[in-house]
Amino acid sequence: MFEAGTDTSFIVLEYAMAQLMQNPCLMNKLQTEVRSTIAKGKEIVTENDLNSLAYLKAVIKETLRLHMPAPLLVPHLSMADCNIEGYTIPSGTRAIVNSWALARDPSYWEKADKFMPERFIEGGSATAMDNKGNNFQYLPFGAGRRMCPGTHFATSTIEVMLANLIYHFNWELPVELAKKGIDMTESFGVTVCRKEKLLLVPIVPQN
């Protein structure tokens with residue numbers, strides 16, 4: 001379980017950084033929040049510092065919406081015959097929920113394919129949504145009795161890692177990648193991750 005949790009957390013962190021690098025205005029907004037909220041000169045950002053970082057949490061929620069590491073949830077077995085929108089599902093049918101499709105369905109999401117953390121900020125269209133499986137259009141960790149047992153661990157870990165990366169460094173693409181941009185091609189397996197690893201150059205802020 002620990003290995004699964006660290007692998008998926010890394011995938012989300014990498015996607016978050018890739019999206020921020022592709023959207024410099026969002027990166028600047030996040031840096032401003034983190035660096036203005038957390039005291040200057042702190043050696044490491046801890047979980048205790050995260051409570052007031054609303055935009056950081058929104059960035060991670062939006063990353064999970066677009067790039068959930070395990071988009072096909074744990075298989076379920078129907079316990080009784082049922083009818084869903086004209087389709088008969090017999091008892092004993094194995095059902096797999098495609099949470100990737102739900103999270104990109106334009107019926108539920110404004111500009112569904114666009115990276116918009118603001119939708120999870122107060123006043124946004126998805127402000128009330130959380131990671132607890134209460135909203136069926138947003139299930140990055142699943143729902144019900146079989147939802148991911150490491151939800152809180154993963155969320156806290158990703159928040160701390162991203163906050164530290166943003167707090168301590170500015171980021172640039174290597175010269176050889178600056179013109180090409182970031183390749184977002186995905187590799188599919190038990191988890192969905194980026195085919196090419198993200199390479200960035202850390203720059204220590206001068207002020």
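1. The sulfur of C148 lies 17 Å from the closest cysteine sulfur, that of C193, which is too far for a bond. Searching the whole structure gives zero disulfides, a disulfide being a pair of cysteine sulfur atoms within 2.5 Å. C148 is partly exposed at 32% relative accessibility (buried means under 20% relative accessible area, exposed over 50%, partly exposed in between, with a 1.4 Å probe and protein chains only).

2. A word on the basis: this is a predicted model, where local features need pLDDT of at least 70 and side-chain atom pairs count only at pLDDT 80 or more, while totals for chains, interfaces and linings use all residues. Residues are numbered from 1 along each chain as its sequence is written, and side-chain values use heavy atoms, leaving out hydrogens and water.

3. The whole structure holds four aromatic pairs (rings of Phe, Tyr and Trp, the last by its six-membered ring, with centres within 6.5 Å; planes under 30 degrees apart are stacked, over 60 edge-to-face, the rest tilted). For F120 and Y138, the centres are 5.4 Å apart and the planes at 45°, so the pair is tilted. F120 is buried at 7% relative accessible area, and Y138 is buried at 0%.

4. F169 and W171 have ring centres 5.6 Å apart and planes at 65°, so this pair is edge-to-face. F169 is partly exposed at 27%, whereas W171 is buried at 16%.

5. Ring pairs also join W109, F120 and Y138 into a cluster.
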